[in-house]
Amino acid sequence: MSKFLNEKYQNLEVYVPGEQPQDMEYIKLNTNESPYPPAPSVIKAIDQAAVSDLRLYPDPECAGLIKKLACSYGVKPENIYLSNGSDDILNFAFMALSGFWGKVYFPEISYGFYQVYADLYQLDAVKVPLRPDFSIDYKDYCGVQGMVVIANPNAPTGLALSLEEIRKILDSNPDQVVIIDEAYVDFGGTSAVPLVAEYDNLLVVQTFSKSRSMAGARLGFAIANAELIADLNRIKYSTNPYNINRLTLLAGEAALDAADYYQSRCAKIIETRAYTASALEGLGFTVLPSLTNFLFVKSDHMGGQQLYEALKAKGILIRHFSSPKIQDYNRITIGTREQMNVMLDRIQEILRQDTSADWLNANTSKNRKDR
Ligand code: PMP
């Protein structure tokens with residue numbers, strides 16, 4: 001830390017992204033990326049001419065992409081805000097939309113960045129415990145005195161609230177912004193976007209990072225009442241008006257034109273999720289019912305840290321969180337069926353090394369047949 005850093009940032013606990021080790025090639029199941037490449041038309045959109053045009057600033061209004069998104073989601077262009085990854089929208093919302101109370105409510109177990117943004121803007125963070133089964137009790141967010149932020153489906157649990165429950169949160173907080181972070185909604189969840197027409201306090205946040213295989217392009221968007229969108233634009237034009245680069249704008253438009261491609265990839269991921277969940281259950285894991293592109297799982301034979309380390313040694317990265325309430329669990333991104341089979345084989349090897357896993361040997365041949 002230099003002597004120049006403002007005192008108010010000196011104790012910040014920063015967000016720690018999933019590791020991206022470069023020492024060897026891993027099967028990466030730790031950061032919820034898509035195992036599939038972008039649609040061929042997206043790759044084609046980044047041609048020589050597009051690269052030559054990098055000398056020019058991009059359109060600060062992002063008019064073409066916003067128009068297409070508005071069409072896709074059945075809203076007006078003034079209901080859409082685009083950002084350099086959805087983290088940027090969350091950043092602005094914590095910065096500017098926490099309103100009168102300077103307080104923000106979010107689930108105790110959720111996306112780690114919420115706490116970081118709350119600290120960054122010195123907001124009072126109310127971390128609401130989950131139920132013992134890791135579900136969110138919507139009643140905890142009704143009639144509160146601050147902004148509400150809920151990932152739906154939640155991460156890393158994969159569990160979702162119903163639209164009716166979200167409606168109750170919105171109804172009971174007419175003077176607070178309610179952010180529904182739908183990073184994973186395309187893998188079987190129900191989007192709150194249709195509620196935007198009814199609620200001026202709803203900000204829905206989505207991303208191209210997961211279901212549209214564009215984590216590296218950094219493209220997120222918010223859908224909300226036009227006034228909330230204008231607020232986000234006010235912050236954007238006070239920080240970085242050219243927040244989406246030219247190549248990402250082109251890729252985003254091409255991705256929206258390739259909706260069928262992405263739907264079929266999401267369907268595959270959902271299918272592989274069910275397959276992996278039942279295979280893991282067969283190996284003695286507890287698996288939460290996920291509506292996302294990851295599974296949150298607990299082995300009945302080893303701790304989360306132990307499994308993470310053992311799989312990493314075998315070339316497979318999964319995510320482990322050290323916070324006490326979830327330290328027995330791991331979050332595993334759904335890859336291709338082939339990647340999942342390699343992971344399942346490696347887990348069986350690891351369990352077999354554990355002498356207490358005699359039962360496994362009896363079950364192994366059955367498991368193999370199931371695949
Ligand atoms: N919300 C949640 C719940 C996430 O898991 C992530 C990805 N880490 C994000 C938002 C941010 O995604 P991105 O910035 O890539 O759009």
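Which side chain makes a polar contact with the side chain of T333? Let me start there. The partner is N32, and the two side chains come to 2.7 Å. By polar contact I mean a pair of N or O atoms within 3.5 Å where, within protein, one must be able to donate a hydrogen and the other to accept it, and residues adjacent in sequence count only if both atoms are side-chain atoms.

Quick housekeeping. This is a predicted model, so local features need pLDDT of at least 70 and side-chain atom pairs count only at pLDDT 80 or more, while totals for chains, interfaces and linings use all residues. Residues are numbered from 1 along each chain as its sequence is written, and side-chain values use heavy atoms, with hydrogens and water left out.

Back to T333. You'll find it in strand β12, residues 329-333; helices (H or I, at least four residues) and strands (E, at least two) are DSSP runs, numbered from the N terminus. T333 is buried, at a relative accessible area of 1%. For burial, read under 20% relative accessible area as buried, over 50% as exposed, and in between as partly exposed, with a 1.4 Å probe and protein chains only. Setting aside residues up to four places away in sequence, T333 touches a group that includes L29, N30, T31, N32 and E33, as well as F294 and M340. Contact here is heavy atoms within 4.5 Å.

Now the core. In soluble globular proteins, nonpolar side chains tend to be buried together. The largest nonpolar core here has 89 residues, and L82, L202, L280, M343 and I347 touch the most other members. A core is a set of buried Ala, Val, Leu, Ile, Met, Phe, Trp, Tyr and Cys residues joined through side-chain atoms within 4.5 Å. Helix α9 supplies the largest share of this core, eight residues. Take M343: leaving out neighbours within four places in sequence, its contacts are L29, T276, L280, L311, I316 and I332. Apart from that core lies another one, of 28 residues, with Y81, F92, L97 and V116 among them.

Most residues other than glycine have a negative phi, and most peptide bonds are trans. Yet N152 and P153 are joined by a cis peptide bond, omega about 0°, and A155 and P156 by another cis bond, omega about 10°. P153 and P156 are both in the loop between β5 and α6. S213 isn't a glycine, but has a positive phi of about 50°, and it is buried at 13% relative accessible area. R218, also not a glycine, has a positive phi of about 60° and counts as partly exposed, at 29%.
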